[in-house]
Amino acid sequence: MSAVVQECRNCRSLLFPARLFCPVCGEDSFSTVAAEDGTVEQTTTLSDGTVLATLGINGGLRLIARLTGSAPEPGQRVPLTNDPVAGSGANAYIPIPPNLNEDQS
Amino acid sequence: MTISIIGTGQSPYTRHPQPGTETSQVIARAVRNALREAGLTPGDVDGFAVSSFTLNPDHAIDLAWRMGLRLTWLMQDTNGGASAGGMLQHAVRAIEAGDAKVIVLAAGDLMDGPAFSQLVASYNRATQDHLAPLPMNGPNALFAMLTTRQMEVLGLTREDYGRIAIAQREWAADNPGAVYRQGLTMDEYLSAPAVATPLGRYDCVPPVTGADAVVLVADPGNGTPRAKVLSVRASYNADQQAGDGLETGLRACAQPGWEEAGIGPGDVGLACVYDDYPAMVVAQLADLGVLPADDHPADFIKRRIATRELPVNTSGGQLSAGQAGAAGGMHGLVEAARQLMGTAGARQIAVRHAVVSGYGMVLYRYGACATMSVLEAAR
Ligand SMILES: [Zn+2]
């Protein structure tokens, strides 16, 4: 299980959502890399029971995700996925447009 | 040359607009009211700026045409909660440069249920691609997590945020234009239905339909009460969305903004800060220096805001008066100008200097735009 994020080919900064120029070095050449998991920093529970979270991944990047399975506590690591129906185990769903998914396959 | 606001106007905020109401009509009503207060007619106007999320398919020029304005300066701003400061910054420079003499700034929206849903689902590409499908409907969840971070860093509790909401509701009691005017108790605040933990209903702004406008001119010098613009500063994308959102772009505006104004944050008798959530009131007051770095935020709220020692958002703010889409950005500017011009009615305070902030445009995790304006009462 993993989620795609953008990586600057020049300075290796991880970015999400995708940028046009790298905010760190100014270059405009990118690749995509798979992020395996992230650390839960904060969660919020919506009125319908949905649990959303801010996750930190290596490199200091932060992502907004929906947590499924048993809702993990801040500090826990959870696997990332771009699949909205990735299964019932604990995971963090990061939406990306379908065409971006295809580019990765 | 100093530039001043000499007229303010609103189109009454309403939760339930009449069927058939159009954004353009709502904005035009605020413009007409502002011109009337300034003692001017549409024929006197030569500059116009507007901000709105729901003006499509029209633009600023269509509005100008339909209001019969002949102009030498025209702009449209798209920065929501920070739009008033952005338009004010441009307008002040335009008058100074001689591009226009009488400028009207307006913002407004028709924000009924479907318009609000449409706005929050397609706010920008990042929202469309990466937030709306979570699903996330609007920014409440993002500011819920930002509030949690702020509670940890500043040692704030829900009661502290409640004191801000309650103080603003007390101001709203004396604002006939606010949609919620009935007193709010701490019990009601704490036991309100959760929207996105830790945020409850009274931490979130009620969307309304409405519009706000101001009229700007150079030195009328005829004894007219006015709100002189001492400084305007803006900051866009200050941290590339790579921070925690607890610090806004106002942090960078503050020093040059106070310096240009010639006063300090301790000198203002009124702060109208963009109150999309109580946590953002705290963040902006801190960034502006109005909440001093060596003061404790919880004590500051209790000691200065709750007691009205420092009047904050005297209209009731958007939390009580309502958020009329992009007009939310102009709400604080209109209130500050009214207080400085002595037209605030039952909630009038004695005040000489006010600071107004704008904040908005959530790119992915928090707002990326911030504006700071310092105003002074004059005649
Ligand atoms: Zn780079």
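A:Phe16 is buried, with a relative accessible area of 5%; buried means under 20% relative accessible area, exposed over 50%, and partly exposed in between (1.4 Å probe, protein chains only). B:Tyr364 is likewise buried, at 3%.

The model is predicted: local features need pLDDT of at least 70, side-chain atom pairs count only at pLDDT 80 or more, and totals for chains, interfaces and linings use all residues. Residues are numbered from 1 along each chain as its sequence is written, chains are lettered from A and ligands numbered from 1 in the order in which they are written, and side-chain values use heavy atoms, without hydrogens and water. The model scores ipTM 0.94 and pTM 0.97.

Over all chains, the structure holds four aromatic pairs. Rings of Phe, Tyr and Trp (its six-membered ring) pair if their centres lie within 6.5 Å; planes under 30 degrees apart count as stacked, over 60 as edge-to-face and the rest as tilted. Two of the pairs are listed here.

| Pair | Centre distance | Plane angle | Class |
|---|---|---|---|
| A:Phe16 and B:Tyr364 | 5.8 Å | 70° | edge-to-face |
| B:Phe143 and B:Tyr359 | 6.3 Å | 80° | edge-to-face |

A:Phe16 lies in the loop between strands E2 (14–15) and E3 (30–35) of chain A, and B:Tyr364 in the loop between strands E10 (353–362) and E11 (367–378) of chain B, so the pair joins two chains. Helices (H or I, at least four residues) and strands (E, at least two) are DSSP runs, numbered from the N terminus.

B:Phe143 belongs to helix H6 (residues 140–154) and B:Tyr359 to strand E10, both of chain B, so their pair ties together parts that are 216 residues apart in sequence.
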